[in-house]
Structure formats: structure tokens, C-alpha cells
Amino acid sequence: MSADRELVDAVLAKAPGAFERLVLDYQGLCWHILLRLVRQPEDARELCQETFLRVHQSLHQYRYESALKSWIGRVAYSIGLRHLERQRLPLAEPAADEDGLAPLERVDDGFDLEAAWADVEIARRLHDAIDALPPLQRTLLTLYHLDELSLAEIAAITGLAINTIKSHLLRTRLRLRERLQLQLGAAA
Amino acid sequence: MNTPRAFDDAPMEREWQAQERALEHERRGLKANGDADDVGYRLLARALRQPPPEGLPSDFADRVARRAEALGKARDAVSARFEQRLLQAMIAVFGLAVVVVVVCYGAEWWPATSATARVGHLLGDRWLIALLGCVGLSVAAQRTASGRRR
């Protein structure tokens with residue numbers, strides 16, 4: 001938190017290079033959030049710029065109630081959501097949370113992880129399946145796996161309850177794994 | 001309280017634990033145990049840990065910082081202009097109010113003000129005589145003292 005304070009103070013004091021340092025520190029996180037939400041790289045780049053301009057304009061309102069990372073992530077998430085609303089794109093599939101855990105379709109054990117990963121077709125399908133997820137699920141998975149944020153940090157960014165996030169992660173990963181195992185089973 | 005709690009449903013909780021175990025094993029680079037679920041979740045974790053192929057331009061931070069600075073300066077200039085105009089408007093309103101008050105009540109105030117000015121004039125004359133008297137006495141005293149020393 002003291003590093004956050006130092007950086008924020010430097011930006012507010014208009015220290016040379018301070019805001020650029022802030023952008024460099026958090027552009028990766030914002031990029032992941034926005035690209036996962038809106039999918040189109042061009043749109044995501046523009047929204048990323050809009051995010052940091054908004055951060056620059058309203059940084060004096062930051063009260064250190066959460067980590068700077070979460071605060072900036074929340075700005076990016078809000079801007080991404082507004083973009084989806086303008087485009088009339090749904091954030092999540094309404095039925096995504098309502099179905100219970102389907103009985104798992106077990107396939108035989110004995111798959112080799114490295115061999116499966118080396119299979120270009122399987123990797124491609126896996127990425128396609130991730131890309132085809134609704135924006136909310138894609139974003140939650142990315143924040144949890146790629147940015148390695150905790151459930152509490154994701155909650156601070158998205159405004160969702162921790163257990164809702166946990167439930168989304170469980171169901172999405174389960175669905176993706178089932179789809180993958182069908183492919184692996186078919187390939188075996 | 002916004003803290004994670006276990007799923008009420010036991011199979012769901014078991015599945016969550018399996019997912020988290022596979023993620024942890026993948027992060028630590030442990031050898032896969034050959035279990036199909038574990039392999040599935042580890043493949044998924046591996047795919048999800050890959051950064052997107054598209055990225056931001058290398059000069060993104062520099063460009064955004066320059067743009068933010070330019071916008072900040074423009075905002076400050078607009079704000080300064082606004083403050084100046086506001087101040088001018090307030091002075092104009094105040095001046096107008098003074099004119100209105102003088103026009104409305106000036107006729108009543110003028111005689112009273114004139115009388116006060118006359119009294120002040122007389123008092124001013126008396127104080128001037130007193131001041132001149134003091135200066136004269138002081139000069140006379142100085143001359144007398146210097147004459148005695150010689």
C-alpha cells in the first residue's frame with residue numbers, strides 16, 4: 001500500500017514520468033480485462049486508453065480503501081461494461097448459473113498431459129472454447145489464472161460477491177474440462 | 001462477510017478442490033498424475049495462463065501519458081478561465097448592487113453623510129491646530145536647550 005501511496009502522490013504532484021510509470025505497471029491488467037470483455041483488440045486498445053485517461057482525471061478521488069491495482073481494474077471493468085451495454089452485448093449467459101452440476105462424463109484415465117498439450121488441434125479448440133465463453137466468464141477466468149488475482153481482488157474489481165465468482169469459476173472450468181475430455185476421448 | 005466459503009453441495013466442493021489442486025500443481029510445475037480430470041484441468045490452466053496473442057503497442061504508456069498531460073493542461077486552462085469569468089461576473093453583480101442601492105436609498109443617506117462630513121471637517125481643523133501647536137512647542141524647546149549648551 002505504501003508503494004501505491006508513493007506512486008499516487010507522485011502522479012498527483014505531477015512528477016515527471018510518474019503517470020507513465022503507473023500506466024506501465026497496470027496496462028497489462030487493464031488489457032486483459034478489456035480484451036476479455038470486448039474481444040475486439042481495436043476496441044480494447046481504445047478502451048484501455050480511455051481507462052487511463054479516466055484514472056488520470058479522477059486519481060485524486062482514490063482513497064486507498066482498496067489496492068491501487070483493484071481500483072484501476074475496477075475503472076477498466078466499468079468502462080468495458082459500458083461498452084458492452086452500448087453494443088447491447090450480454091455480459092453473461094442468464095442460464096449459466098442456474099444449471100446444477102451435471103453428472104460428469106468420465107473418460108478413461110491415462111492421458112499424457114504433455115502429449116495432449118503438444119496436440120495443436122486440441123490446444124486450438126481449447127482456446128476457441130475459452131474465446132466463445134460469455135464476457136464475464138472469460139474475464140473471471142483470465143483474472144484468476146493469468147493475472148493470478150485472489151477471489152477478493154476479483155471481487156473488488158467486478159463488484160461481485162466472492163462466492164458468485166467462485167461459482168462462475170467452478171462451472172465454467174467444469175464445462176470446459178468436459179468439452180476437452182470429449183475431444184481427448186475422441187482423439188484416443 | 002465477503003469471504004470465500006465452501007460450497008454447500010459436497011460434489012461441487014470436491015470438484016472445486018480438484019480444480020484448485022490441478023491449478024496449484026500446474027503453477028508449481030509438478031508432474032501430472034495421469035488422472036483424466038487432473039489432465040483436463042491442467043490443460044485448461046495452462047491454456048488460461050497464456051497471455052493473449054494481441055497486445056498493446058510498445059509506446060502505449062508514453063502516448064497515454066502525453067495525452068493525459070495535454071488534456072490535464074487543457075482542463076486547467078478551462079478551469080482558470082472559468083474562475084476568472086466567475087470573478088468578473090461577481091464584481092459586476094456587486095457593482096450593480098451598489099448602484100441600485102445608491103439609487104434607491106441615496107436620497108435618505110446623503111444629508112446624514114453630509115452632516116457627518118461637516119463634523120469631521122471641524123474635528124479635523126481642531127486636530128490640525130493641536131498638531132501644529134505640538135510641533136511648535138517641540139521646536140522651541142529644542143532651540144532653548146541648544147542656546148543653553150552654547
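This is a predicted model: local features need pLDDT of at least 70, side-chain atom pairs count only at pLDDT 80 or more; totals for chains, interfaces and linings use all residues.
Axes here are lines fitted to C-alpha atoms, for helices over the stretch in contact, and angles run from 0 to 180 degrees between N-to-C directions.

**Helix 4 of chain A and its partners**

Helix 2 of chain A, residues 18–38, packs with helix 4 of chain A at an angle of about 25 degrees, and their axes are 9 Å apart. Angles under 35 degrees count as roughly parallel, so helix 2 of chain A is roughly parallel to helix 4 of chain A. Their crossing is right-handed. On the helix 2 side of chain A, the residues that meet helix 4 are A:Tyr26, A:Leu29, A:Cys30, A:Ile33, A:Leu34, A:Leu37 and A:Val38. Facing them from helix 4 of chain A are A:Lys69, A:Ile72, A:Gly73, A:Ala76, A:Tyr77, A:Gly80, A:His83 and A:Leu84. Sorted by class, this contact has 11 nonpolar, 3 polar and 1 charged residues.

Helix 4 of chain A (residues 68–86) also meets helix 3 of chain A (residues 41–58): the two axes come within 9 Å and cross at roughly 130 degrees. That angle makes helix 3 of chain A oblique to helix 4 of chain A. Here too the crossing is right-handed. Helix 3 of chain A brings A:Asp43, A:Leu47, A:Glu50, A:Thr51, A:Arg54 and A:Val55 to the contact. Its counterparts in helix 4 of chain A are A:Ile72, A:Val75, A:Ala76, A:Ile79, A:Gly80 and A:His83. By class, the contact between helix 3 and helix 4 of chain A has 6 nonpolar, 3 polar and 3 charged residues.

**Chain B on its own**

Chain B has 3 helices and 0 strands, in the order α-α-α along the sequence. Its radius of gyration is 45 Å, well over the 15 Å that the globule rule gives for 150 residues, so chain B is more spread out than a compact globule. The C-alpha trace of chain B spans about 125 × 65 × 40 Å along its principal axes.

**Where the chains meet**

Now to the interface: 39 residues of chain B are in contact with 44 residues of chain A. On the side of chain B that touches chain A, helix 1 (10–28), helix 2 (36–48) and helix 3 (60–149) of chain B each supply at least two residues. Helix 2 of chain B gives the largest share of that side, 12 residues. The residues on this side of chain B divide into 22 nonpolar, 7 polar and 10 charged.

One helix pair that joins the chains is helix 6 of chain A (residues 120–131) with helix 2 of chain B, packed at an angle of about 70 degrees with axes 10 Å apart. That makes helix 6 of chain A roughly perpendicular to helix 2 of chain B. A:Ala123, A:Leu126, A:His127 and A:Ile130 of helix 6 of chain A make this contact with B:Leu43, B:Leu44, B:Ala47 and B:Leu48 of helix 2 of chain B. By class, the contact has 7 nonpolar, 1 polar and no charged residues.

| Helix pair | Angle and axes |
|---|---|
| Helix 2 of chain A, helix 4 of chain A | about 25 degrees, axes 9 Å apart |
| Helix 3 of chain A, helix 4 of chain A | roughly 130 degrees, axes come within 9 Å |
| Helix 6 of chain A, helix 2 of chain B | about 70 degrees, axes 10 Å apart |

**Confidence**

The model scores ipTM 0.80 and pTM 0.73. In chain A the mean pLDDT is 87, and 86% of the residues reach 70 or more. Over residues 95–109 of chain A, however, the pLDDT is below 50, and this stretch has 19 contacts in the model beyond near neighbours in sequence. Chain B has a mean pLDDT of 85, with 90% of its residues at 70 or more. Within chain B, confidence is highest in helix 1 of chain B, at a mean of 93, and lowest in helix 3 of chain B, at 84.

Notes
Residues are numbered from 1 along each chain as its sequence is written. Chains are lettered from A and ligands numbered from 1 in the order in which they are written. Two residues are in contact if their C-beta atoms, placed from the backbone, lie within 7 Å. Helices (H or I, at least four residues) and strands (E, at least two) are DSSP runs, numbered from the N terminus. Ala, Val, Leu, Ile, Met, Phe, Trp, Tyr, Cys and Pro count as nonpolar, Asp, Glu, Lys and Arg as charged, and the others, Gly among them, as polar. Angles under 35 degrees count as roughly parallel, over 145 as roughly antiparallel, 65 to 115 as roughly perpendicular and the rest as oblique. A crossing is left-handed if the near helix is turned anticlockwise from the far one by less than a right angle, and right-handed if clockwise. pLDDT is the predictor's confidence in each residue, from 0 to 100. The radius of gyration is taken over C-alpha atoms; the globule rule is 2.2 Å times the number of residues to the power 0.38.
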